[in-house]
Amino acid sequence: MARVTLLNLETLCCIARLGTFAAAAEKMHASQPAISARVRDMEVAMGVTLFQRQGRRMELTAPGRELVQMVEPLLRRLQGA
């Protein structure tokens, strides 16, 4: 069963901030396929598409933007703890 993990949510926000899976992979010290798998896992668990490709960049869909807006403050609080 697919589920959303904290690592997946961190990955989502990193991609949203940097704009590409490759940049997020570099920042998170992971492979690009691992980043893609995390996004795919979230999309399956939630039943929504989070990103759409715009050339080389990934653009958040409306559900993706909503999720990032909810998650970023929580991640900041966790980092401060």
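**Exercise 1.** Is His29 buried or exposed in this structure?

*Solution.* We are working with a predicted model, and the step to take is to compare the relative accessible area with the cut-off, since a residue counts as exposed when its value is over 50%. For His29 the relative accessible area is 76%, so His29 is exposed. As to its place, His29 sits in the loop between H2 and helix H3 (32-46), and although His29 is not a glycine, it has a positive phi of about 55°.

**Exercise 2.** Determine how the rings of Phe21 and Phe51 are arranged, and where the two residues lie.

*Solution.* A pair of aromatic rings is described by the distance of the centres and the angle of the planes. Phe21 belongs to helix H2 (residues 21-27) and Phe51 to strand E1 (residues 51-54), so that the pair links distant parts of the chain, 30 residues apart. Phe21 and Phe51 are both buried.

**Exercise 3.** Find which side chains form the salt bridge, and say which parts of the chain they tie together.

*Solution.* The structure contains one salt bridge, in which the side chains of Glu72 and Arg17 meet at 4.0 Å, N to O. Because Glu72 lies in helix H4 (residues 62-80) and Arg17 in helix H1 (residues 6-18), the pair ties together parts that are 55 residues apart in sequence. Glu72 is partly exposed, with a relative accessible area of 27%, whereas Arg17, at 53% relative accessibility, counts as exposed.

Conventions. Residues numbered from 1 in each chain as written. Predicted model: local features only at pLDDT ≥ 70, side-chain atom pairs only at ≥ 80, totals over all residues. Heavy atoms only, no water. Phe/Tyr/Trp six-rings, centres within 6.5 Å; stacked < 30°, edge-to-face > 60°. Helix = DSSP H or I, 4+ residues; strand = E, 2+ residues; numbered from the N terminus. Buried < 20%, exposed > 50% of the residue type's maximum accessible area, 1.4 Å probe, protein only.
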